[in-house]
Protein chains: 2
Amino acid sequence: MVSKTDRIPATERREQILEAATRVFGELGYAGATTDRVAKAAGISQPYVVRMFGTKEQLFIEVLERTCTLIIEALDRAVADEASEKPVGPRIGEAYVHLVETERGVLLALMQGFILGHDPNIGPVARRGFLRIYDRMRDVMSADEAMRFMAQGMLINTLIASNLTIRIDEDERVDELFACTFGDKLGLVLEGLNRTA
Amino acid sequence: MVSKTDRIPATERREQILEAATRVFGELGYAGATTDRVAKAAGISQPYVVRMFGTKEQLFIEVLERTCTLIIEALDRAVADEASEKPVGPRIGEAYVHLVETERGVLLALMQGFILGHDPNIGPVARRGFLRIYDRMRDVMSADEAMRFMAQGMLINTLIASNLTIRIDEDERVDELFACTFGDKLGLVLEGLNRTA
DNA sequence: CCGTGAAGTAATCAGTCGATTACCACTCCC
DNA sequence: GGGAGTGGTAATCGACTGATTACTTCACGG
């Protein structure tokens, strides 16, 4: 039934599942997502997902940690970018906006992790992740700037999580809010949305 | 089995359930919460919860709308407060912080609604709620100020949703972040946390 | 060519949860 | 005092879902 090409090394398959799970968890949340939907998104069977990660909870934890790592890496690249002569603040902002258009699932999964702070197993991972990102910001800016950056990030996360993007060009209040939030990077965002849609 | 005093007019009982559901949904999210937990939190049986609101989804929608209304009312009171000679911005900030310490469940439920933007029935309600709050802010401040206020609010929501408060006085980065986020209102927040704990 | 391990699935089980049904208790009014 | 409406529950059902089990297929080394 299964053709030769469907058999893939476990490490590679693992990455595929994590990627699919990021999208599924990002959209539906931890409790709302099912291992079967993750499996279907990854193109494999449900039992294989469970066997590879042990439990749904463990899968989510790995998704969450990978998510934080991806974000930090993206921000690090922006900080280290020698080519740009812009100051570090705008460069980081731009990097975050870039994540919005390319890896929306990552930001959504991050958000889904943050609101599970009460959970005895996932909560600590979420808090560590939050602080990892905050720490990275603190390395290159003041506490006040870092706080504002996080605040702006949480607003952006909320805007895309609530799907307010679908009301752009439809509700002028939404247009205004997006213009204010993304500033001169608004064009990038709109472009990214068109590409996904 | 049920003593006389447990029989309560439906309208009053309805409010009790909404209050309990706000706490439960706020902590566990929509998918993570069960109608049975809401029922237990309200001190009644599970079937009664379902019968009064029709479905779990409808209950959540009513919780979400009530949540937005409560927040807007609190902000309106702050705006209308003639006694204070502070400018409107700080007054609103103070009102929001006050919500953190008195009605944490409300803010958490709001957050839980926002991240359900993909849901065909709940999503529109969440977006309307977000815009209702944003609009209210726009009545009394510039678009840029309103955006910053929303961003700060989303950061505050995330901080309490992720339960980072439990690491106050334990991790100096957390202390710093909270100090920056709440500024001169930090004392109020800490006081409120002690009272709840 | 055989057997061993890796990749993967079908079938199924056990628990959970939202919803439904049928019923009970009390009050008020005629 | 009886029946009609209101406030409420116990029992249960059906669907869903995470996890388990047992099986299949294939590549490869000796």
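Begin with chains A and B: 39 residues of chain A are in contact with 39 residues of chain B, contact being heavy atoms within 4.5 Å. The model is predicted, so local features need pLDDT of at least 70 and side-chain atom pairs pLDDT 80 or more, while totals for chains, interfaces and linings use all residues. Residues are numbered from 1 along each chain as its sequence is written, chains are lettered from A and ligands numbered from 1 in the order in which they are written, and side-chain values use heavy atoms, with hydrogens and water left out.

**The interface of chains A and B**

The two chains bury about 3800 Å² between them, 69% of it on carbon and sulfur atoms; buried area is the accessible area (1.4 Å probe) that two parts lose on being put together, summed over both. Four salt bridges cross this interface, each a side-chain nitrogen of Lys or Arg within 4 Å of a carboxyl oxygen of Asp or Glu. Select A:Arg138 and B:Glu176 to view a salt bridge with an N to O distance of 2.6 Å.

Next, colour the side of chain A that touches chain B. The elements giving two or more residues to it are α1, α6 (104-114), α7 (122-140), α8 (143-161) and α9 (172-182) of chain A; helices are DSSP runs (H or I, at least four residues), numbered from the N terminus. The largest share, eleven residues, comes from α8(A).

**DNA strand C**

Now select the 20 residues around DNA strand C, of which A:Asp6, A:Arg13, A:Ser45, A:Arg51 and B:Thr35 come nearest. A residue is near the strand if one of its heavy atoms lies within 4 Å of it.

- A:Arg13 has a side-chain N or O atom 2.7 Å from one.
- A:Tyr48 places a polar side-chain atom 2.9 Å from one.
- A:Ala10 has a polar backbone atom 3.0 Å from one.

**A loop of chain B**

Finally, move to the loop between α8 (143-161) and α9 (172-182) of chain B, where B:Asn163 is found. B:Asn163 is not a glycine, yet has a positive phi of about 65°.

Conventions
A polar contact is a pair of N or O atoms within 3.5 Å; within protein, one must be able to donate a hydrogen and the other to accept it, and residues adjacent in sequence count only if both atoms are side-chain atoms.
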